[in-house]
Amino acid sequence: MSKLWQARFFTTVNQLRDLPKTQVPEIAFAGRSNAGKSTAINILTNQKGLAFASKTPGRTQHINFFSIGGAHVAMHRKDPTKVEEIEGLLVDLPGYGYAEVSGDAKLHWQRLLGDYVQRREQLAALILIMDSRRPFTELDIQMLEWFAPTGKPIHCILTKVDKLNRNESVNTLRQAQQVLDSYVDEEGNGFPFTVQLFSALKRIGIEEANDKIIELLGLEDDPADPEQ
């Protein structure tokens, strides 16, 4: 059983001042609206409705935090999470990329996400969710370039790979790695950027993504538990 299966809603914030005071590592999930971010979070945590997409995509402007440790799925949802036992936090960032969002909302989104991904000390890594058929949109690149100067890892998950044939999948993965390899620091060293293929429908890449997230959180799945 994956430790991610312990994930439980912890808090939601709309202003940086309201971010949790916890000091545990955080892994943030970012992605364009309709890239499959909520689906990926739900399948990785083995829960149907932990993360949810807004009925009006792009309108959700909150950052949602899910705790790992301090509670377990079988607990009643009203039972309090033991904050002192939390081992890590999964962070669901607002989806981006919908033209219907007002200018004020877009500005708020940019400030909230930009400040969070660039300045949050507890943020250990970013999981960038992209549709494998349309990776590295302008806003995906913006997110990459916001986060790259921190020197922290980015793991890209290319979703909906079931929509591609084998050759397309191989080429998409290779091209994505080339894009990531093109980012270097002032000394010419590459950033800790990785990428994988993923399909919730065909259950492709789930174990790989789980292992990477557990690693980035600095945790370990219980070896005594059965495999996923």
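Is Phe-136 buried or exposed? Select it and see: Phe-136 is buried, at a relative accessible area of 15% (buried means under 20% relative accessible area, exposed over 50% and partly exposed in between, with a 1.4 Å probe and protein chains only). For background, most residues other than glycine have a negative phi. You'll find Phe-136 in the loop between strand 5 and helix 3.

Before moving on, some housekeeping. This is a predicted model, in which local features need pLDDT of at least 70 and side-chain atom pairs count only at pLDDT 80 or more, while totals for chains, interfaces and linings use all residues. Residues are numbered from 1 along each chain as its sequence is written, and side-chain values use heavy atoms, with hydrogens and water left out.

**Stop 1: the whole chain**

Switch to cartoon. The chain has five helices and seven strands (helices are DSSP runs of H or I with at least four residues, strands are runs of E with at least two, and both are numbered from the N terminus). Walking along the sequence, you pass β-β-α-β-β-α-β-α-β-α-β-α. Color by burial and 47% of the 228 residues count as buried. Of the contacts between residues at least 6 apart in sequence, 76% join residues at least 24 apart (contact means heavy atoms within 4.5 Å).

**Stop 2**

Zoom in on strand 2 (residues 26-31) and strand 5 (residues 123-131): they run parallel and are joined by six bridges. Pick Gly-31 and look for Ile-129 opposite, in strand 5. On to strand 4, which pairs with strand 2 in the parallel sense over four bridges; here Ile-27 has Leu-90 as its bridge partner. With strand 3, strand 4 pairs in the antiparallel sense over five bridges, and Ser-67 stands opposite Leu-89.

Stay on strand 4 and show its surface. Five of its five residues are buried, so strand 4 is largely enclosed by the rest of the structure. Gly-88, Leu-90 and Asp-92 cover one side of the count and Leu-89 and Val-91 the other, all of them buried.

**Stop 3**

Next, select helix 1 (residues 37-44). Seven of its eight residues are buried, so helix 1 is largely enclosed by the rest of the structure; among them are Lys-37, Ile-41 and Leu-44. Their cover includes strand 2, strand 3, strand 4, strand 5 and helix 5.

In the loop between strand 2 and helix 1 lies Asn-34, whose phi is positive, near 75 degrees. Following helix 1 comes Asn-46, with a positive phi near 60 degrees.

Then bring up helix 5 (residues 206-217).

**Stop 2: Asp-140**

What does its side chain make a polar contact with? The partner is the side chain of Tyr-96, at 2.7 Å (a polar contact is a pair of N or O atoms within 3.5 Å; within protein, one must be able to donate a hydrogen and the other to accept it, and residues adjacent in sequence count only if both atoms are side-chain atoms).

Asp-140 is buried yet has no salt bridge, and the nearest side chain of opposite charge, Arg-32, is 6.4 Å away (a salt bridge is a side-chain nitrogen of Lys or Arg within 4 Å of a carboxyl oxygen of Asp or Glu; Lys and Arg count as positive, Asp and Glu as negative, and His and the chain ends are not counted). Leaving out residues up to four places away in sequence, Asp-140 touches Arg-32, Tyr-96, Leu-128, Met-130, Arg-134 and Pro-135.

Terms used: Pairing = 2+ DSSP bridges.
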